[in-house]
Structures are given as C-alpha cells and as structure tokens.
Amino acid sequence: MDAQTIIARRVAKELRSGNLVNLGIGIPTLVANYVPAGLNVFFQSENGLIGTGPIPEQGMAHPLLTDAGGKPISALPGAATFDSAMSFGLIRGGHVDITVLGGLQVDGGGHLSNWMIPGKMVPGMGGAMDLVSGAKRVIVAMQHAAKGKSKIVTKCNLPLTSARPVDLVVTDMAVIAFPGGKATLLETAPGLTVAQVLAVTEAELVIPDAVPEMAL
Amino acid sequence: MKAVSAEEAVAMIPNGARIMVGGFMGVGTPERLLDELVRQKKSNLALISNDAATPGKGVGKLFEGEQVSSMIGTHIGLNPKAQQQMLGKQITVDLIPQGTFVERIRAGGCGLGGVLTPTGVGTLVEEGKQKIEVDGKPYLLETALRADFALVHAFLADYAGNLSYALTARNFNPVMAMAADTVIVTAEHIVPVGVIAPDHVVTPGPLVDYLVANG
C-alpha cells in the first residue's frame with residue numbers, strides 16, 4: 001500500500017455516521033474514497049455545498065457545480081447549497097464535526113503550519129485558518145517526512161495556521177495525538193516498529209506501554 | 001434598477017476604483033464585465049475578490065494586462081501572474097482568512113463596524129489588529145469592508161432586479177451585493193417578474209442598481 005493510501009484509509013476510520021466533514025485538498029481529498037459502506041457522512045465544500053459527490057461522468061458536469069479548487073463535482077441526494085458567509089459560519093461556528101487538512105509541519109504541542117513558506121510559497125491561507133480555529137475536531141493527514149526530514153518537529157518554524165493545537169495527526173508511519181499537550185504515539189503503520197518511527201521523528205514523542213499497528 | 005449594456009456598465013467604473021467581484025475560482029464571476037474591464041483597459045483597480053482565479057478566467061483576466069494595483073483576498077496560489085506581480089511588488093496583496101474576508105464584507109453591507117473572530121489569533125494575521133476578550137476568550141477585531149462597485153453574477157434575475165443563484169456559483173455574490181455603493185449584476189437568465197418566487201429571491205431587487213442586458 002502506498003503512503004497516501006495508508007493515510008487516507010486510516011483517517012477514514014475516524015469518521016462517524018452523521019458527521020459533517022470538510023476535506024482539504026491533496027491527501028485529505030482521498031479520504032472520501034474509503035468511507036466505510038453504510039456510514040452516512042456529509043462532506044462540505046467550503047465554496048458553498050454540503051453533500052459533495054464523486055467527480056461526474058463525462059458530459060454530466062455542470063460549470064456552476066465545483067469543488068473549492070474549481071474542479072467539477074457532483075452533489076448527492078439531500079445536498080444543500082449556500083453562500084460563503086453561511087459556509088464559514090458552519091466552519092467557525094463549530095458545526096463541522098471533522099476537518100482533515102494537509103500539513104507542512106506539526107510540532108510537539110500539536111500546532112500546525114500549513115499555509116506558507118516565507119519567501120517561497122505565499123498562496124494565501126484560503127479557509128485553513130477558519131477550519132482549524134472552528135471545527136470540532138482537527139485531523140492532519142500528511143507524509144511523516146519530506147526529503148528525509150521529519151515534518152513532526154519540536155517547534156514549528158513556519159508561520160502557524162492557528163494557535164489551537166490539532167487533535168490527531170495521521171501519517172504514512174504513525175498516528176499521533178496530543179493528550180495534555182504532549183505528542184503521543186498511538187499507532188504505527190503496518191510493519192513498522194516504534195523505533196523505526198522515532199528514527200524519523202524530530203519531536204519528542206510519549207510512548208505508551210502498548211502501541212498497536214494501524215488497522216486498515 | 002436600470003438595464004444597461006456591459007459596455008455602459010463598465011464605462012461608469014473609473015480608473016482607480018475599488019471593485020468587489022463575486023466568484024470562487026472564477027465560478028459565479030460576471031465574466032462579461034471582466035471582459036469589458038479588459039477591453040476598456042481600466043487601470044489601477046483596487047480588487048476585492050476571494051482569489052485571483054486562473055490566468056484567462058474570472059478576475060484572473062485583470063492580471064494579464066496589469067490592471068490591478070492592490071488586492072484583498074484569501075488565495076492567489078493558482079494564478080502565477082498574480083503571484084509574480086505580488087512577489088515583484090508591482091501590486092500589494094492583503095491575504096486574509098476566507099471566513100474573515102466574507103464576514104468583513106457582510107459587516108460592510110450590514111452597517112456594522114466590523115466583527116470579532118477567533119480566526120487568526122496567535123498567528124501572523126493578528127499583527128496590527130486590536131485583540132478583544134469576550135467572556136475570557138480572545139478575538140480579533142476585523143473591520144468592515146466596502147467597495148465603490150460590486151460586480152455580481154446571478155443565475156436568475158427578473159425585470160425588477162430580484163436575484164437567485166445556482167449551486168456553488170452563489171458564494172460571495174449575495175454578500176457583496178450588499179456592500180458597495182453601486183451594484184452591477186449579470187445573470188445567466190433574465191426572466192419575467194414572478195418566475196422567481198418571493199421565497200426564492202436571495203438578493204432583493206432594490207439592492208441592484210444596474211442589470212446588464214443579455215445580448
């Protein structure tokens with residue numbers, strides 16, 4: 001299984017029936033492909049839709065129905081559309097149960113940086129800051145390391161997305177939570193030992209007595 | 001409400017005007033007004049728009065002829081021209097969180113001085129802003145945003161200027177239609193009064209100053 005599939009499948013296990021979920025671009029988008037059968041989850045697209053469906057069949061796309069990246073999507077039965085004030089009211093107001101976002105860095109205290117690299121990449125934060133500030137549960141879905149460098153760092157040196165720590169980080173190597181503000185290793189990816197995870201993790205991790213492998 | 005041509009509508013917009021343009025990545029943007037802004041070579045525009053769309057689409061068209069002098073938005077990552085002009089300091093770009101962007105415009109249209117939001121507290125966004133504690137929780141004071149002109153795209157407009165929107169093309173349009181001195185609207189379809197039932201009107205006709213006739 002490739003890294004992205006491991007991450008997307010593991011994040012999908014966090015979804016519960018009835019949840020309103022916002023998926024960011026990149027790896028988070030893949031989570032929708034692994035929603036367990038029978039689970040009734042509502043996906044929000046922050047450009048004004050609850051009930052996003054799969055990419056439409058050829059010839060079935062509508063130019064006025066797109067995801068937040070401007071790409072054609074479909075809407076499922078029961079879908080609802082609304083303006084951007086409503087959309088961000090849902091996000092900031094705590095009506096979104098889970099947001100899944102990509103990350104550049106997460107630090108030992110659970111702080112996320114995911115919107116700019118000063119001097120290099122300054123696209124703008126879009127909806128990321130509101131999502132991290134307002135969603136009930138924030139899950140980061142990202143690779144554990146980039147070019148051999150840990151993305152789980154002691155302290156973020158990139159600008160923060162929010163002062164609020166995230167709830168869970170799912171990487172291709174590990175699942176990490178932050179009880180009491182301390183990064184804690186909950187699970188390892190199938191076939192990996194705790195030592196192998198620690199070898200590519202810059203932040204200090206609390207290691208509980210039992211660290212099971214991810215169930216995918 | 002007065003019916004005008006796209007040419008007449010854009011002729012009213014002076015160089016240097018502060019314009020608010022609806023749309024999200026070009027979806028729900030009044031393309032005919034953008035084309036006309038390009039044709040009439042309007043310059044030095046202060047643009048308020050969620051994003052810079054992509055080259056050749058929506059407000060993206062304004063960056064090709066370097067018609068924008070400043071922008072307030074939330075994301076310009078998918079328009080390399082806008083990025084280049086920002087990094088080359090040809091234009092100033094104020095990037096703000098999307099929820100804050102829309103609430104500032106909503107405040108501008110609703111007679112509020114601003115809003116208090118938790119978004120951005122403890123980040124670069126809080127720089128230079130007033131922090132206010134309410135019931136022990138910190139918020140940023142984000143001030144209202146208005147424009148000289150709002151360029152709005154609807155799905156249906158009736159002869160009285162009542163508007164309704166479609167799917168994800170609604171986005172910032174109804175909020176911006178409240179927040180400018182002059183509101184100019186294009187619509188996919190212009191229909192007789194009564195086709196849009198009163199319960200389905202999203203933007204009431206009295207908010208619309210000019211409706212661009214469909215050619």
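Q: How many residues of chain B are in contact with chain A, and how many of chain A with chain B?
A: On the chain B side there are 35 residues, and they touch 31 residues of chain A. Contact here means that the C-beta atoms, placed from the backbone, lie within 7 Å. Bear in mind that this is a predicted model, where local features need pLDDT of at least 70, side-chain atom pairs count only at pLDDT 80 or more, and totals for chains, interfaces and linings use all residues. Residues are numbered from 1 along each chain as its sequence is written, while chains are lettered from A and ligands numbered from 1 in the order in which they are written.

Q: Which elements give two or more residues to the side of chain B that touches chain A?
A: Those are H5 and helix H6 (173-176) of chain B. Helices (H or I, at least four residues) and strands (E, at least two) are DSSP runs, numbered from the N terminus. H5(B) brings the largest share, five residues.

Q: And how do the residues on that side of chain B divide?
A: Into 17 nonpolar, 15 polar and three charged ones. Nonpolar covers Ala, Val, Leu, Ile, Met, Phe, Trp, Tyr, Cys and Pro, charged covers Asp, Glu, Lys and Arg, and the others, Gly among them, are polar.

Q: OK, H5(B). Which residues does H5(B) meet in H3(A)?
A: On the H3(A) side they are A:Ser84, A:Ala85, A:Phe88, A:Ile91 and A:Arg92. The H5(B) residues they meet are B:Gln98, B:Gly99, B:Val102, B:Glu103 and B:Arg106. That contact is made up of four nonpolar, three polar and three charged residues.

Q: At what angle do the axes of those two helices cross?
A: Helix H3 (residues 84-92) of chain A and helix H5 (residues 98-109) of chain B cross at roughly 130°, and their axes come within 9 Å. The axes are lines fitted to C-alpha atoms, for helices over the stretch in contact, with angles from 0 to 180 degrees between N-to-C directions.

Q: So what are H3(A) and H5(B) to each other, oblique or parallel?
A: The pair is therefore oblique. Under 35 degrees would be roughly parallel, over 145 roughly antiparallel, 65 to 115 roughly perpendicular, and the rest is oblique. H3(A) also passes H5(B) in a left-handed crossing; that is, the near helix is turned anticlockwise from the far one by less than a right angle, whereas clockwise would be right-handed.

Q: Staying in chain B, what does H5(B) lie across?
A: H5(B) lies across E6 and E8 of chain B, at about 150° to E6(B).

Q: Tell me about that sheet. In what order do the three strands come?
A: The order is E6-E8-E7 in an open sheet with antiparallel pairing. Strands pair if DSSP finds at least two bridges between them. E6 and E7 of chain B are the edge strands, each pairing on one side only. Neighbouring strands are turned by 40° against each other on average, direction ignored.

Q: Over how many bridges do E6(B) and E8(B) pair?
A: Strand E6 (residues 114-117) and strand E8 (residues 137-143) of chain B pair over four bridges. B:Gly114 has B:Thr143 as its bridge partner, and B:Leu116 stands opposite B:Leu141.

Q: And E7(B) with E8(B)?
A: Strand E7 (residues 131-134) of chain B pairs with E8(B) over four bridges too, with B:Ile132 partnered by B:Tyr139. Their hairpin has two residues between the strands, and B:Asp135 there takes a positive phi near 50°.

Q: Switching to chain A: how many helices and strands are there?
A: Chain A has five helices and 14 strands. Its radius of gyration, taken over C-alpha atoms, is 17 Å, close to the 17 Å that the globule rule gives for 216 residues, so chain A is as compact as a globular protein of that length. That rule is 2.2 Å times the number of residues to the power 0.38.

Q: How many strands form the open sheet in chain A?
A: Nine, in the order E4-E3-E2-E1-E5-E8-E12-E13-E14, with mixed pairing. At the edges are strand E4 (74-81) and strand E14 (184-188). Neighbours are turned by 25° against each other on average, direction ignored.

Q: Which residue stands opposite A:Leu23 in E5(A)?
A: A:Val100 does. E1(A) and E5(A) pair in the parallel sense over three bridges. E5(A) also pairs in the parallel sense with E8(A), over four bridges, and there A:Ile98 stands opposite A:Arg137.

Terms used
Contact = placed C-beta atoms within 7 Å.
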